[in-house]
Amino acid sequence: MAPIAGICELGEGCGEPRRKGGYHSTVKKQLASLLLCALLLPRAFADGLPDLGDVGSAELSPQAERRIGEQAMGEIRWREAAYLDDVEVEGYLNSLGQRLVAAAPASGVDFSFFAVSDPTLNAFALPGGFIGVHTGLVLAASTESELASVLGHEIAHVTQRHIARMIGNQGRTGMVMLASMIVAILAAGSSPDAAEAAIATGQATAMQSQLAYTRDFEREADRNGLMTLQAAGFDVRGMPAFFERLQRNSRLYENNAPAYLRTHPLTTDRITDMENRVQGLGYRQVPDSLEFRLVQAKLLALQGSAAEAVRGLEARLKGKPDDPVLRYGLTRALLRMGQLEQARASMTLLARNPPASAMVEALEAELLAAGGDHAAAAAHYRDAIKRYPLSRPLAYGLADELIAAGRPAEAADMLRKDIVSAPDDYRRWGLLAKAELARGSRAGRHRAQAEVYRLQGSLPAAVEQLELAQRAGDADFYTMSAIDARLRELRTRLRQEREAR
Ligand SMILES: [Zn+2]
């Protein structure tokens, strides 16, 4: 969404406007716009789309691109304050995103969506199918179809291999450079100087020369995104409507906009093109999912200070006192503020007419936990899991509360079973390490920690943990053989990775 990186003034939910002038913000915006929208469908799918060539894809395999994306994602997940580590919000973005991916032409890319705490209206794609969505954008969407339209656009950047095509013959180096710059931009959220140091090396200038293509890429992503939006069953009118509002929003700072934004705006041409296509498609009314509304309410409860969030939600609730979604948001904000009594009273009101959602169940359990009753919280999670057996947040919550209630062995057993079907779930491995530590199993703890490091992209640290697990001396024969086998595997992988460099 390059051209719409800007200040957020769409309603009170959007937080504070960004600084408008100044070199820092200009550099940041410029890079943001330069990179963020850089981003397939088989050629056969294209109906009159411009042929942009396929430069670069031969240079870099999708696996190599994925690896670079994973590394950048590791940086973001573990080191960036801007990464929103919230399993419910991330889970929602992934379910919405996967619904769109399933409707897009097959690309073989393994998509992954995540949220970035940033009030600006933006979304971006990293190499390898990782798509970041700013919380400001989620809050600015007035319908779920609107939010879906932006995700559809980003997915199209990936399926069309726009990143690889933009990088051109720079291959791996260009891709790594691009990924590092995206990470630097996210870091800039907290420290503009750090981002500048990372990017003021002339690379940005080099990148800019390739941006002439971006306008075509944008149009291609709009058209493909629109088809995906329709195929996934969303209201296609959401796309031109939202993009138009975003355009109005970006005009607010046009005079300060860097050259790229002035020459590549979210143009009236693009919006007219979308409107024309939408007319040919026919439309339908599509109700928002409950999760979409609850996620918006949760983001409202999380933004600004806790007191501000409470005041904001109270004000909204005044207009709609019976709105369960706003009530959910207020309860969450009160809990965040530590106003337990008020949060409980608010939960009681919510419980009169509770929306059927795992998110509401989790909030109830969190309230019990905040009051110190971990056994009751665990029992609530366990009960809720019967109704929502696929909910990861509930499973994590249960594990955590079992540990807190002094039953880590139970938590460890459950986590080990769940991990069989989700071996790359770093949150479960992290919880397992915590459970093993709590029940005094050194080998088990290091074994689990090794997988956390592996998933953070740090194989040397993972190998070290497995060596510690081997030496811990408290593993049974079966566990010991598993540790040995895993250590051999990861050592081989580490060697291969070093040779590849
Ligand atoms: Zn774009």
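**Figure 1. Overview of the predicted model.** The protein has 25 helices and 3 strands. The model is predicted. Of its 501 residues, 49% are buried.

**Figure 2. Helix 14, a mostly covered helix.** Helix 14 spans residues 290-302. From first C-alpha to last, its 13 residues reach 18 Å, close to the 18 Å expected at 1.5 Å a residue. Of these 13 residues, 10 are buried. They are Glu291, Phe292, Leu294, Val295, Gln296, Ala297, Lys298, Leu299, Leu300 and Ala301. The buried residues pack against helix 3, helix 4 (135-140) and helix 5. They also pack against helix 15 (306-319), helix 16 (324-337) and helix 18. Gly304 follows helix 14 and has a positive phi, near 65 degrees.

**Figure 3. The crossing of helix 3 and helix 14.** The axes of helix 3 (residues 87-103) and helix 14 come within 10 Å. They cross at roughly 145 degrees. The crossing is left-handed. Helix 3 contributes Glu88, Val89 and Tyr92 to the contact. Helix 14 contributes Glu291, Val295, Lys298 and Leu299. By class, the contact holds 4 nonpolar and 3 charged residues, with no polar ones. On the helix 14 side, Glu291, Val295, Lys298 and Leu299 are buried.

**Figure 4. The pairing of helix 17 with helix 18.** Helix 17 covers residues 340-352, and helix 18 covers residues 358-370. Their axes come within 11 Å and cross at roughly 150 degrees. Helix 17 is therefore roughly antiparallel to helix 18. The crossing is left-handed. Leu340, Ala343, Arg344 and Met347 in helix 17 meet Glu364, Leu367 and Ala370 in helix 18. These contact residues divide into 5 nonpolar and 2 charged, with no polar ones. Helix 18 is also one of the elements against which the buried residues of helix 14 pack.

Figure 5. Ser145 is buried, because 27 other C-beta atoms lie within 10 Å. Leaving aside residues up to four places away in sequence, Ser145 touches Phe234, Asp235, Gly238 and Val286. Met239 lies 94 residues from Ser145 in sequence. In space, the C-alpha atoms of Ser145 and Met239 are 7.5 Å apart. Helix 5 is also among the packing partners of the buried residues of helix 14.

**Figure 6. Arg161 in the loop between helix 5 and helix 6.** Helix 6 covers residues 162-167. Arg161 is not a glycine, yet its phi is positive, at about 55 degrees. With 23 other C-beta atoms within 10 Å, Arg161 counts as buried.

**Figure 7. Helix 25, largely in the open.** Helix 25 comprises residues 477-500. Its 24 residues reach 35 Å from first C-alpha to last. That is close to the 34 Å expected at 1.5 Å a residue. Of the 24 residues, 2 are buried, so helix 25 lies largely in the open. Helix 14, by contrast, is mostly covered.

Technical notes. Residues numbered from 1 in each chain as written. Predicted model: local features only at pLDDT ≥ 70, side-chain atom pairs only at ≥ 80, totals over all residues. Helix = DSSP H or I, 4+ residues; strand = E, 2+ residues; numbered from the N terminus. Buried ≥ 20, exposed ≤ 12 C-beta atoms within 10 Å, placed from the backbone. Axes fitted to C-alpha atoms, helices over the stretch in contact; angles between N-to-C directions. Left-handed = near helix turned anticlockwise from the far one by under 90°. Contact = placed C-beta atoms within 7 Å. Nonpolar A, V, L, I, M, F, W, Y, C, P; charged D, E, K, R; others polar. Expected span 1.5 Å × (residues − 1). Parallel < 35°, antiparallel > 145°, perpendicular 65-115°, else oblique.
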